[in-house]
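Here is a guided walk through a protein model, one neighbourhood at a time. Keep the sequence and the 3D view side by side as you read.

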Amino acid sequence: MKNVRAIRGLALTSLASLGLIAVTPAFAESQFVTTGTPTVANARLNFQVNVPRFLEFRVGSANAVVDTVVFDVAAADVGNAAAPVAGDITVDVALRGNGGAISLSADTSADPLNSGADTIPFSAISTTLDAGTINAPVLTDGASAPVAVAVTSGTRVTNRTATWSYEFNNAAVYGAGTYAGQVVYTATMP
């Protein structure tokens, strides 16, 4: 019976000691100095900033719609390579990321440029960099070769803009109709 009481007493004393340890405040680094003129004491403090990894890419208007570039070929110029047709709008492009060099690619395989069973190859449309520093991938039927976009700050930060315009080369005669298709541009950061 004495052993049980002794063990209980020891357990209560240990719990009380742990409680005192738990409420002991933590002290920051400090230095106590009593000598020297001037008297100088130093204390250090660490800082840490956590920046999340992100990639932001926009082609077209700043709203949530998918823009459409329209080429209106004049009847007298159909198939006249000497009379290429400019798209009706220019497209603003913005690219921001903080994880390293970024590459851009274009893919047309999900929605080729067609009117019923007739098609126009996407290679008949060229892209021109009108302003800024983001070169566009060359349009092809299917996936394009990637285009590298250099970082703008340090080794990982990219913050670039551009304006692209499009031109239909008008080098062949195609069946009458409205040909519609879609390019999916993809930005990839390692």
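Let us begin with Leu 139, which is found in the loop between strand S7 (125-132) and strand S8 (147-149). The model is a predicted one. Is Leu 139 buried or exposed? Its relative accessible area is 4%, so Leu 139 is buried, the cut-off being under 20%. Setting aside residues up to four places away in sequence, Leu 139 touches Ala 106, Phe 122, Ser 123, Ile 125, Thr 127, Tyr 166, Val 183 and Tyr 185.

As background, nonpolar side chains in soluble globular proteins tend to be buried together.

Not counting residues up to four places away in sequence, Ile 125 touches Phe 71, Leu 113, Leu 139, Tyr 166, Glu 167 and Phe 168. Two of these contacts, Phe 71 and Phe 168, bring us to the aromatic rings.

A search of the whole structure finds four aromatic pairs. In one of them, Phe 71 and Phe 168 form a tilted pair, with 6.2 Å from centre to centre and 50° between the planes. This pair links distant parts of the chain: Phe 71 sits in the loop between S1 and strand S2 (85-86), while Phe 168 belongs to strand S9, 97 residues apart. Phe 168 counts as buried because its relative accessibility is 7%, whereas Phe 71, at 21%, counts as partly exposed. Ring pairs link Phe 71 and Phe 168 with Tyr 174 and Tyr 179 into a cluster.

Phe 71 turns up again at the largest pocket, where Phe 71, Thr 68, Val 69, Leu 113 and Gly 181 are the lining residues that lie nearest the centre. This pocket has a volume of about 1100 Å³, and 38 residues line it. The elements that give two or more residues to the lining are strand S1 (55-59), S9 and strand S10 (184-188). S1 gives the most, with three residues. What is the make-up of the lining by class? It has 26 nonpolar, nine polar and three charged residues.

Back in strand S9 (residues 158-168) we find Thr 163. Thr 163 counts as buried because its relative accessibility is 17%. Leaving aside neighbours within four places in sequence, Thr 163 is in contact with Thr 90, Val 91, Asp 92, Thr 128, Leu 129, Asp 130 and Ala 131.

Most residues other than glycine have a negative phi, and most peptide bonds are trans. Asn 170, in the loop between S9 and S10, has a positive phi near 55°, and at 1% relative accessibility Asn 170 counts as buried. A cis peptide bond joins Thr 37 and Pro 38, with omega about -5°; Pro 38 lies in the loop between helix H1 (2-22) and S1.

Note on methods
Residues numbered from 1 in each chain as written. Predicted model: local features only at pLDDT ≥ 70, side-chain atom pairs only at ≥ 80, totals over all residues. Heavy atoms only, no water. Helix = DSSP H or I, 4+ residues; strand = E, 2+ residues; numbered from the N terminus. Buried < 20%, exposed > 50% of the residue type's maximum accessible area, 1.4 Å probe, protein only. Contact = heavy atoms within 4.5 Å. 1 Å grid on protein atoms, 1.4 Å probe; cavity = no way out; pocket = protein on both sides within 12 Å on 5 of 7 lines; lining within 4 Å. Points joined across faces, edges and corners; volume = space filled by probe spheres on them. Nonpolar A, V, L, I, M, F, W, Y, C, P; charged D, E, K, R; others polar. Phe/Tyr/Trp six-rings, centres within 6.5 Å; stacked < 30°, edge-to-face > 60°.
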